[in-house]
Amino acid sequence: MKTLYYGGTIHTMRKEQETFTALGIEEDRIIFTGSTEKETLKGYDRYVDLEGMHVFPTLTDSHVHLLYTMILAASSFNLCEVTAGGIVPDSMEGVEARVRDYCRSHPKQKIIAANQYILSAMKEKRLPDRHELDEWTGGRCMIIYNIDGHSSCISTALMKKLGLSCEGHDGRFSGEEHEFMQGKVTNLIAASVTPGVLARGIANFSNLCARYGISRVCAMDGNEDVKNDILTRLLAFIASRMDIDIRLFPQYLDLERTRPFRRLQKYPRAGGCGSWELDGSVGSHSAAFYVPFRDTGEKGHCYYEKSLILSKVKEARQKGIQLSSHAIGEAAIDQIVDCYEQAEKENAGQRDGAGVPLSRIDHFEFPSREAVEKIKKLPVALTVQPGFSWLDKRYLKSYEQFLPKEKAEEQIPLKELAEAGVCICGSSDSPVQSMNPYEQMLGMVEFFLPQQSLTPYQALCTYTREPARMLGEEKDSGTLEVGKKADFCVMKKDFCRAEPGEIGEFCAEYMVKDGKRYEQKKGTVWELVKMLFRRKKKI
């Protein structure tokens, strides 16, 4: 089947000004791009009038926690929300009211998970303790996550289920104590997921991706604190049969544990968050800086010795594994940059050429000047979420409250790095933030440091061309060219000419994936069964 899309503007994304008016596809590949009238293009089986709309390559979200985003969200709710008047609720009294209301309306839910708690907005400047959760929930199992996902509070009942000692503990967790038990929490919540919930979760996630024009996500899943981690193996089985393309990064420090996934992977990968978190976050006071936090006078620290991380980086190089590592504070960023630099020197010239996935640093939020200069010379991709700093500057105020002023202004120099040719990939870190890629791109165009803001075109490249480069898939995706996959989204307006005030509101009119227009999923169990019997594809 040969189809011609005509009557619109085709943005190849190879160059900002390169556009055509027609796009021809056969099966799942692009066979023509040009500026020719429909009447002169014969031999197509189907003609689709774009009616003046704009066509762009589909997007890639380069950092998503897929299991939680797709399935576990059905067992959770958001505590706080951003309104025109500020953050609601902004006190323990308001949080208590929301928790009690949720418990009343969900009397049979075994484990209650609440997301998007905004500590920096609370009058009390703290998380609840376990005794408060016990009272509000009537003694049920509950966990509340701070908005950055790096600290939490846990009720007494849930602490006992997790095998944690309650004696002398107030139920508030941060740093390694929080990070390295999340697999156990996830497994407990997932145990109550029914086939119906699973079906709805997959459908809702896929439909949401299509709405934004996202055809591919990098899934950072798996936790080393779970011995067998059957849940991540199940996720891999499902991901290999989904409509949306998944690139799985098992979050194991023990790289041998990634072996069972390699036969499914398009390219061997590992890392992300979980055991690959080298530090925490600003909002949870666990990011690794060389200076103390402004409000507590205490310093965050790196979770591992540099020698251990270096050994893992070298092992990944030897085994051909694309590695991803979470680093937010300058000390953690220096640690992983130095490890990549040393490994690169010892393996000089072994990663030349297109089609080779790049090592990654995820977040890269507060780099030292030395790290910035080193990154310009290394084959490394940076996965960023500037939508968070955009939100923080206007509403959350955590950087303002917790960091020295000069440190808050030492964020990633986006424009400088992009113009130096560094591979920068946009992402959501969902469920920490919304899957909406245009909110992240708004954060790039109206960056925390105005002089480092990107143009809309540069921002869109972080979701199209650059992720393909990061994954080593430039020959198949990232731009609209003859021979590449027919994956594109259609929008009413030209994103490259969008004003900042309208960027966050963009969405796709429809998405074409593998040459076919995406059809909305219904989320039925029968739909799930049919999906599970599909032929698997590489993840």
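Contact here means heavy atoms within 4.5 Å. Keep that in mind for these exercises on a predicted model.

**Exercise 1. Work out how the chain is built overall.**

Start with the parts: the chain has 21 helices and 23 strands. Next, check the radius of gyration. At 23 Å it's close to the 24 Å that the globule rule gives for 539 residues, so the chain is as compact as a globular protein of that length. Then look at who meets whom: of the contacts between residues at least 6 apart in sequence, 74% join residues at least 24 apart. Finally, 62% of the 539 residues count as buried.

**Exercise 2. Find the residues that touch the most other members of the largest nonpolar core.**

This core holds 148 residues, and the ones to pick are Ile361, Leu382 and Met441. Helix H11 (residues 330–346) supplies the largest share of the core, with eight residues. Now zoom in on Ile361: its contacts include Ile336, Val337 and Tyr340, as well as Leu382. There's also another core lying apart, made of 16 residues, among them Phe20 and Leu480.

**Exercise 3. Asp279 is buried, so to speak, without a salt bridge. Find which backbone nitrogens lie by its side chain.**

First, locate Asp279: look in the loop between strand E16 (269–277) and helix H10 (306–319). Second, search for opposite charge. The nearest such side chain, Lys407, is 12 Å away, while a salt bridge needs to be within 4 Å. Third, turn to the backbone. The nitrogen of Ala288 sits 2.9 Å from a polar atom of the Asp279 side chain, and the nitrogen of Gly329 sits 2.8 Å from one. Other residues touching Asp279 include Glu179, His301 and Tyr303.

Notes. Residues are numbered from 1 along each chain as its sequence is written. This is a predicted model: local features need pLDDT of at least 70, side-chain atom pairs count only at pLDDT 80 or more; totals for chains, interfaces and linings use all residues. Side-chain values use heavy atoms; hydrogens and water are left out. Helices (H or I, at least four residues) and strands (E, at least two) are DSSP runs, numbered from the N terminus. Buried means under 20% relative accessible area, exposed over 50%, partly exposed in between (1.4 Å probe, protein chains only). Lys and Arg count as positive and Asp and Glu as negative; His and the chain ends are not counted. A polar contact is a pair of N or O atoms within 3.5 Å; within protein, one must be able to donate a hydrogen and the other to accept it, and residues adjacent in sequence count only if both atoms are side-chain atoms. A nonpolar core is a set of buried Ala, Val, Leu, Ile, Met, Phe, Trp, Tyr and Cys residues joined through side-chain atoms within 4.5 Å. The radius of gyration is taken over C-alpha atoms; the globule rule is 2.2 Å times the number of residues to the power 0.38. Lists of a residue's contacts leave out its neighbours within four places in sequence.
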